[in-house]
Amino acid sequence: MQKLLDFGALLERFNVNKQMIGLTIVTFIIVMIVWMKSISSTEIQEEELQQPAETSEVAIKKEEATEESAAQNIKVDVKGAVKYSGVYDAHQGERVHDVLKHAEVLPNADLDAVNLSQEVRDALVIYIPFKGEVKTDKYTLYQNAGGYEGNSGSNVQKKININQAEQSELEEIPGIGPKKAQDIIKYRTDNKGFKAIEEIKEIRGVGDKTYEGLKDYIEV
């Protein structure tokens, strides 16, 4: 009889412990669900915060790539003492003598009046004068970076003052698109102008290679 009583008490205690264990498990599951939802919500918020920054960076890179592509594919107009005058495709970094290989200079062309080493830019007019056509002292011509160019017969290449030029003028500089032109204007406003042309390399996207292609076209 005593054994039956002891067994009954043990069974009752087991049932109580079983209820406590069940309650503990349920509580643990609820806590885990709440915790996992909290982590998921935090991750979503972080992704939403990071997405605009990533999108903005991608947009800037695409714009810079577009500007760089436009700068590399340029057109120049060749006139004067050449066999094949017209508009030619060129690439950033090419020189006048590279373009003239396609136009074929005539025997009576006055190449002494032309800066054959000049780097070409988009919409450049290369005029090759005939012998005896240029009356200006050729030493003066060589002091001008542009050599003898322009459909008006002018031999002076006008440089663009990056401290004074409007955005549309800045965009005429090789390798400078709308975004970089805006950055140049902002930089000169914030820093009270450029002190030297080399300072343009402070503009994002203007590295040593880009600078070499535009330095002959700018001044301060």
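Lys192 counts as exposed, at 78% relative accessibility; for everything I show today, buried means under 20% relative accessible area, exposed over 50%, and partly exposed in between, with a 1.4 Å probe and protein chains only. This lysine, Lys192, is found in the loop between H5 and H6, where helices (H or I, at least four residues) and strands (E, at least two) are DSSP runs, numbered from the N terminus. The phi of Lys192 is near 55°, a positive value in a residue other than glycine. Most residues other than glycine have a negative phi.

Before going on, a word on what we have here. This is a predicted model, in which local features need pLDDT of at least 70 and side-chain atom pairs count only at pLDDT 80 or more, while totals for chains, interfaces and linings use all residues. Residues are numbered from 1 along each chain as its sequence is written, and side-chain values use heavy atoms, with hydrogens and water left out.

Ala123 sits in the loop between helix H2 (96-103) and strand S3 (124-128), and it counts as exposed at 61% relative accessibility.

Now the overall layout. The protein has six helices and five strands, and from the N terminus on they run α-β-β-α-β-α-β-α-α-α-β. Of its 220 residues, 31% count as buried.

On to the salt bridges, of which the structure holds eight; the criterion is a side-chain nitrogen of Lys or Arg within 4 Å of a carboxyl oxygen of Asp or Glu. One of them joins Lys79 and Asp77, with the closest N and O atoms 3.0 Å apart. Lys79 is partly exposed, at 31% relative accessibility. Another links the side chains of Arg95 and Glu119, at 4.0 Å, N to O. Arg95 lies in the loop between strand S2 (86-91) and H2, and Glu119 in the loop between H2 and S3, so this pair ties together parts that are 24 residues apart in sequence.

Lys179 is partly exposed, with a relative accessible area of 24%.

The unreviewed UniProt entry places the feature "domain: Helix-hairpin-helix DNA-binding motif class" at residues 168-187 and 198-217; UniProt positions are in the numbering used here, feature names are shortened, and annotations may be inferred rather than shown by experiment. In the model, residues 168-187 are 65% helix and 0% strand, with the end C-alpha atoms 16 Å apart. For residues 198-217 the figures are 35% helix and 0% strand, with the ends 12 Å apart, C-alpha to C-alpha.

Glu171 lies in the loop between helix H4 (167-170) and helix H5 (178-190), and it is partly exposed, with a relative accessible area of 34%. Asp216 is placed in the loop between helix H6 (208-214) and strand S5 (218-219), and counts as partly exposed at 31% relative accessibility. Asp216 and Ile160 are 56 residues apart in sequence, yet 9.5 Å apart in space, C-alpha to C-alpha.
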